[in-house]
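Welcome, and let's take a walk through this structure together.

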Amino acid sequence: MANNTPVISVRDLVVGFGETMVLDHATVDVYEGEILGFVGGSGAGKSVLMRAIIGLVPKRHGTIEVFGADLAALNDRQRRSIEQRWGVLFQQGALFSSLTALQNVQFPIREYLDLSPRLIEEIALAKLEMVGLSADVRGKYPAELSGGMTKRVALARALALDPDIVFLDEPTSGLDPIGAAEFDELIRTLQRTLGLSVFMVTHDLDSLHAVCDRIAVLSEGRVIAAGPIETMLASEHPWLRSYFGGKRGRQAQGTIQGQLHH
Amino acid sequence: MSSVLLTATADGERLALAATGAWTAERAAELEGIVDEATRRHKDARSVDIDLAELERLDTFGAWLIERLKRAFAMRGSNARIVGLSDADRGLMEELRLVNRGPRQDRAKANRILLALEAVGRNVAEIGWSLVLIAQLLGALTAAALGTIAHPTRLRLTSIVHHLERVGWRAVPIIVLSTFVIGAILAQQGIFRFRTFGADVFVVDMVTVLVLREVGVLIVCVMVAGRSGSAYTAEIGSMKMREEINALRTMGLDPVEVLVLPRIVALVLAVPMLTFLGSMAALFGAGLVCWLYGGMAPDIYLDRLREAIWPPTFAVGMIKAPFMALTIGLVACVEGFEVEGSTASLGLKTTASVVKSIFLVIALDGVFAMFFAGIGM
């Protein structure tokens, strides 16, 4: 299903803070209609790479192309039109705490599109229901939502403008295994129905097995491998072997195979 | 400019609608108009086919509008169906078939007078409630203070000194500067008015009584409420938001003892000292104006000052200071604990903390005025 045009193409990206070099000539592609799982050790710079793509962290060197356009060469207006075509799910949700769940989802729609209040409300409610929330949460404030609900509302907000690309920063962290599995499935379903390309930073081996089309591995500032899960499992690279071949890795693999048998 | 997005072919009671082009977010406003228009115009269609075979692009916005079109016909009892759906869009249409089925939440238009009355009632109840909370915290604070007196090792000296530096030492320059200016202004106004009936010497009496009894302590309290009270509320409030207060509780520590007691002790120590410094600065400012503007020699000013200061005048201001500090501290901490999850509530409570503590300080000053008049001071 994934075809071969990259929607995001990162070449030789260098990012550092002061003396420390976080990304050292990292190169990675995300193809149209695929879910790319981005893994690496804690502090390896996975989130930094995501933040560099969406423009929250300045880069020192390298090019970042999104939809074939070099982000560094765009003017403000062109940049905004690209920003409308991606949605970001932050690790903690980053919902606006003074707005209700429904208002959070309405916010980008209200800002960017000139629509009737009725349509804005209907679309926002539709998004909330598409991420598996009942209409009852609409009036709740972020402080009143559970962790899983916060992630779902944040996902609905990320999807508010029907983006082509969605960035997910550890979408299943902090969720119980059942909630995490449901969230994985939700991402898969939404990716299919909306034709999304997904860039997913994750630590969750189950997610990698269950939903990712391809996996890219970041280690020591570089992307050391990229490909489907089978290539990762077959790799001889010591870091990959300990990551996927460790006890937890084998368990995740076992569960997925078990599910396939039933 | 806009291409046709929906074409209708009516054949008696049968209606065929064909959607063409891109049904996406960018054109959603236009599409909504088209959809509503189509629903209005073809009132008597019994059977409606919505053909999506010619669609170029479809996103959630377009798909929802098609669903809305279909539902509008279905509501009237017509037989509406979607045909020519491509495989790529099938999943999306299926999703949207299920959404927005719940009852619409219509905002009830409430009576304005009732709303105003409700707001008044809520505010009155809130004032009463905040007085209760202040009393509650005062009780908890007393208990914590007695606890530390019984077990002096539990006194958080480092914390007290830290807060004393923040609310006392670092406030000195701004407090001295503002009270100096206030003293100078009082003296200038006094000289200007009193001179008309040749009573300029009594300016010194007026300034002394005003500054030492009222203005010194009030100015200091207003500054401290704005400077330190707001900081207390914001600190405790954000600790509450991030559940740090709950973390303290689960470790078996009393938030009042750990957070409130050192802050209020620091305030109760700092405000009298600041009041003293402030009053001196005000008298200095007044003296400077009397000399440069009023032509009163410094030694005459000092002589008049010595006569004007009846010891209770000085005591009245100083006695009030710790009580006002306690009020500011209590209000600031109460409001801090009242902060809820949202950033908006943090801002709201910080504002409330400053406004309430300044008002209560002024009210307390009134009570003191009656009290001191009663005992003849």
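Let's begin with chain B, which is divided into domain 1, covering residues 6-98, and domain 2, covering residues 139-374. How far apart are the centres of domain 1 and domain 2 of chain B? Taken over C-alpha atoms, 69 Å separate them. Please bear in mind throughout that this is a predicted model.

Now look at two helices of chain B, helix 7 (202-241) and helix 9 (residues 255-292). The axes of helix 7 and helix 9 of chain B come within 8 Å and cross at roughly 145°. The crossing of these helices of chain B is right-handed. Sorted by class, the contact of helix 7 with helix 9 of chain B has 21 nonpolar residues, six polar residues and one charged residue.

Follow chain B past the end of helix 7 and you come to E243(B), in the loop between helix 7 (202-241) and helix 8 (244-250) of chain B. Is E243(B) buried or exposed? E243(B) counts as exposed because 11 other C-beta atoms lie within 10 Å, and the cut-off for exposed is 12 or fewer. The backbone here deserves a glance as well: phi of E243(B) is near 65°, a positive value in a residue other than glycine. Most residues other than glycine have a negative phi.

Where does E170(A) lie? You will find E170(A) in the loop between strand 7 (165-169) and helix 6 (177-194) of chain A. E170(A) counts as buried because 21 C-beta neighbours sit inside 10 Å, and a residue needs 20 or more to be called buried.

Staying with chain A, move on to strand 8 (residues 197-201), where V198(A) has its place. V198(A) is buried too, because it has 23 C-beta neighbours inside 10 Å. Which residues does V198(A) touch, leaving aside those up to four places away in sequence? The contacts are I35(A), L36(A), V166(A), L168(A), I187(A) and Q191(A). Take I35(A) from that list: V198(A) and I35(A) are 163 residues apart in sequence, yet their C-alpha atoms are 4.5 Å apart in space.

How confident is the prediction for this chain? Chain A averages a pLDDT of 82, and 93% of the residues score at least 70. Within chain A, confidence is highest in strand 8, at 89, and lowest in helix 10 (residues 247-261), at a mean of 58.

Step back now to see how chain A is organised. Its domain assignment gives domain 1 (1-85 + 171-226) and domain 2 (95-162). The C-alpha centres of domain 1 and domain 2 of chain A lie 24 Å apart. Nine residues from domain 1 of chain A and 10 residues from domain 2 of chain A take part in the contact. On the side of domain 1 of chain A that touches domain 2 of chain A, six residues are nonpolar, three are polar and none is charged.

Last, turn to the place where the chains meet. The contact takes 22 residues from chain A and 21 residues from chain B. On the side of chain A that touches chain B, helix 4 (117-130) and helix 6 of chain A each supply at least two residues. Which element of chain A gives the largest share of that side? It is helix 4 of chain A, with seven residues. By class, the side of chain A that touches chain B has 13 nonpolar, four polar and five charged residues.

Definitions and conventions: Residues are numbered from 1 along each chain as its sequence is written. Chains are lettered from A and ligands numbered from 1 in the order in which they are written. This is a predicted model: local features need pLDDT of at least 70, side-chain atom pairs count only at pLDDT 80 or more; totals for chains, interfaces and linings use all residues. Helices (H or I, at least four residues) and strands (E, at least two) are DSSP runs, numbered from the N terminus. Two residues are in contact if their C-beta atoms, placed from the backbone, lie within 7 Å. Ala, Val, Leu, Ile, Met, Phe, Trp, Tyr, Cys and Pro count as nonpolar, Asp, Glu, Lys and Arg as charged, and the others, Gly among them, as polar. Axes are lines fitted to C-alpha atoms, for helices over the stretch in contact, and angles run from 0 to 180 degrees between N-to-C directions. A crossing is left-handed if the near helix is turned anticlockwise from the far one by less than a right angle, and right-handed if clockwise. pLDDT is the predictor's confidence in each residue, from 0 to 100. Domain bounds come from an automatic or database domain assignment.
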